Amino acid sequence: MRRIGTLTDPDLARRFADFLFTLSIECNVDIEDAPGPDGVAAAKTCNLWIRDESHVPRAKQELEAFLQAPTDEKYRVGEEAERIRKQRQSDEKRKKRLQQKVNPKSPAAGGAGGMLGVPTRQQTIPVVIAMVILSVIASFSTGFGQPKPSQVPGELSTEETIFYGLSFVDWRDYVINNDPLASIKKGQVWRLVTPLFLHGDTYHLAFNMLGIFFLGSAIERLQGSWFMAFLLLASGIFGGLVQIWLPPEEALPDFLAGLAGSPFSIGASGAVYGLFGYLWIRPALSPSYPVRMMPSNVAIMLGWLVFCIFYVERIANGAHLGGLIAGVVIAAVVSRMPSDRFA
């Protein structure tokens, strides 16, 4: 908190504080009585304190302008300031009512294991649990993207059969048609979803499942299983489509090789970024939304995305970007819905 100046008239001090408030600058007025010669208060000193250090330069500039014309009509904003205060108080009460429903056993907002506090609209998280279980089963049963070949020439092994059946496109269809949608066009629409369950190694699986668990648990407990399933599938599917729509590596300059497209990417990282994008943007659009991402976690997720694009090979960065975009768009749309209880 920083003092930016003093005034001698409490009414003018409050008028200036109200004006700053309408500019989203918090200003506290500290009124002191200045004793006269006989110990009787002869004058008042109104200290102006600005809460946010980043607002100090703007507040000083506005104070200089105010001192030039303190009776100017633009500074008579008492009613507007009071309206804003009442609206904020109403939003804060609504938020507190929601936070009172927080499960005390849920991790507090903070580190990797306690990223979010989760209100208990529902206690169970069946979609998150199903996603984790199916991903573990699918990843192990397909040899983590490297299925063991059959010992019988000309036949597919069980791992190969499962992997080719769950991939976005069967490589045999792709070779014939050179079309990443070849298998889907044959009616195998499950392939839009099933690549989310496949992973390249145990680290890939563990990283994505931790993301699904911590981010997804918050959303599912707060907004229900149907919404969680929709958000998970929408961001995962859109991320996968962005990955196949991107141009091949040979069509890109070397420094953008990390954005090369491929129909053979696997993993749920696009869905993870979709959940992250939703929880990142949603509170900014709905102030009463009771869950917030810490700035450090936001920086880590965005920093990792950029790092992978430029420095890590064989990463489906298109899926990351597509999932992130889907999560952000869904947050924007849902926050504007009339039925949104967090609006």
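**Overall fold and surface features of the predicted model**

The protein chain contains 12 helices and 3 strands, where helices (H or I, at least four residues) and strands (E, at least two) are DSSP runs numbered from the N terminus. The structure is a predicted model, in which local features need pLDDT of at least 70 and side-chain atom pairs count only at pLDDT 80 or more, while totals for chains, interfaces and linings use all residues. Residues are numbered from 1 along each chain as its sequence is written, and side-chain values use heavy atoms, with hydrogens and water left out.

Of the 343 residues of the protein chain, 43% count as buried, a class defined by a relative accessible area under 20%, with exposed meaning over 50% and partly exposed in between (1.4 Å probe, protein chains only). The chain exposes about 18700 Å², of which carbon and sulfur atoms supply 60%; accessible areas come from the Shrake-Rupley method with a 1.4 Å probe, and for residues only the protein chains shown count as cover. Among contacts (heavy atoms within 4.5 Å) between residues at least 6 apart in sequence, 67% join residues at least 24 apart.

Helix α1 (residues 10-22) holds D18, which counts as buried because its relative accessible area is 17%. Apart from neighbours within four places in sequence, D18 is in contact with V77, G78, A81 and R85.

F310 is found in helix α11 and is partly exposed, with a relative accessible area of 44%. E250 lies in the loop between α9 (225-245) and α10 (269-285) and, at 70% relative accessibility, counts as exposed.

Positive phi values occur in loop residues other than glycine, including N178, with a phi of about 50°, in the loop between α6 (171-177) and α7 (182-185). N178 is exposed at 58% relative accessibility. R314, whose phi is near 60°, is found in the loop between α11 and α12 (317-335) and is exposed, with a relative accessible area of 86%.
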